[in-house]
Amino acid sequence: MPEYRVIDAFTDQPLSGNPAAVLVLDDTYPDAWAQGIAAEFNLSETAFARRIDDPDADFELRWFTPVTEIDLCGHATLATAHALTELGERGPIRFSTRSGVLTVQNRDGRLWMDFPARPATATDAPDGLAAALGAEPRWTGIGGNNDLLVELADAATVRALDPDPAAIRALPARMVIATAPGDDGYDTVSRCFAPAMGVPEDPVTGSAHTVIAPHWASRLGRTEFLAHQASRRGGDLYLRLDGDRVHIGGDAVTVATGDLDL
């Protein structure tokens, strides 16, 4: 029976950060089976890894929300690297993904992911954005994979957001990323909403920070940041922008293991 792990990513404390289910498999599998497993776990992401014979990568890695497969996921990549480390894999670990080869390595006791930077280009705010979020945007742009980056006035505004999921879903964007200058020792704070992908609010979103990091690098004039995603669970991300790459560091902790009875 397939073994699974549930791992909280971007935290060193159980029951915080962003949980992902991780399955490390020995063979290929049907897409519909993977989507069904992801729907069963009903977490923001379920990751499926299998070892491959490829000179450029060690594992294939795919990510599924409860309703669809996606192109890039940070917290589930971090969780998968954590799972493989627990299984005895030595880094760096190279993943073949829809977003190219992604590498994760352990540096000073923290896992670091090497992701493509996906900066946002300024655009007019879509109709209904302010009402959907419940806050007036200071700046909007499109980056990532049709992700809407929304800069708000301050961290308190981001933390207090109570958006309308149906109105967010109606916006012409895959995900809405609300961000602002940080507080409490953080350089930036954010929250991410993706109801169109079955995730009303993602607890901690590594992929969103491939958009956030270039934005705040241009705003703050530096390339290293401590970021906090201010969801109910919350999580911390260590960011370093290096040209067209974003290095994202984080911790992870396993909270459950078991076998699927399928």
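Helix α2 covers residues 74-86. At 1.5 Å a residue, its 13 residues should span 18 Å, and its end C-alpha atoms lie 19 Å apart, which agrees. The expected span is 1.5 Å times one less than the number of residues in the helix. Helices (H or I, at least four residues) and strands (E, at least two) are DSSP runs, numbered from the N terminus. The structure is a predicted model: local features need pLDDT of at least 70, side-chain atom pairs count only at pLDDT 80 or more, and totals for chains, interfaces and linings use all residues. Residues are numbered from 1 along each chain as its sequence is written, and side-chain values use heavy atoms, with hydrogens and water left out.

Of the 13 residues of α2, 11 are buried, so the helix is largely enclosed by the rest of the structure. Buried means under 20% relative accessible area, exposed over 50%, and partly exposed in between (1.4 Å probe, protein chains only). The buried residues are G74, H75, A76, T77, L78, A79, T80, A81, H82, A83 and L84. Just after α2, G88 adopts a positive phi of about 100 degrees.

The protein chain contains 6 helices and 18 strands. Its radius of gyration is 17 Å, close to the 18 Å given by the globule rule for 262 residues, so the chain is as compact as a globular protein of that length. The radius is taken over C-alpha atoms, and the rule is 2.2 Å times the number of residues to the power 0.38. Along the principal axes, the C-alpha atoms fill a box of roughly 50 × 35 × 30 Å. Of the 262 residues, 55% count as buried. Among contacts (heavy atoms within 4.5 Å) with a separation of 6 or more, residues 24 or more positions apart account for 62%.

Strand β15 (residues 224-229) has two partners described here. Strand β13 (residues 188-194) pairs with β15 in the parallel sense over 3 bridges. Pairing requires at least two DSSP bridges between two strands. The bridge partner of V189 in β15 is H228. Strand β16 (residues 235-242) pairs with β15 in the antiparallel sense over 6 bridges. Here E224 stands opposite R240 in β16. β15 and β16 form a hairpin with 5 residues between them. In the turn, G234 has a positive phi of about 75 degrees.

A salt bridge is a side-chain nitrogen of Lys or Arg within 4 Å of a carboxyl oxygen of Asp or Glu. By this rule the count comes to 19. One of them joins R5 to E86, with the closest N and O atoms 3.0 Å apart. This pair links distant parts of the chain: R5 sits in strand β1 (residues 3-9) and E86 in helix α2, 81 residues apart. R5 is buried at 13% relative accessible area, whereas E86 is partly exposed at 41%.

R219 forms a salt bridge with E151, the closest N and O atoms being 2.9 Å apart. R219 belongs to helix α6 (residues 209-220) and E151 to strand β11 (residues 147-151), 68 residues apart. R219 is partly exposed at 40% relative accessibility, while E151 is buried at 5%. Salt bridges also link D31, R62, E69, D71 and R98 in a network.
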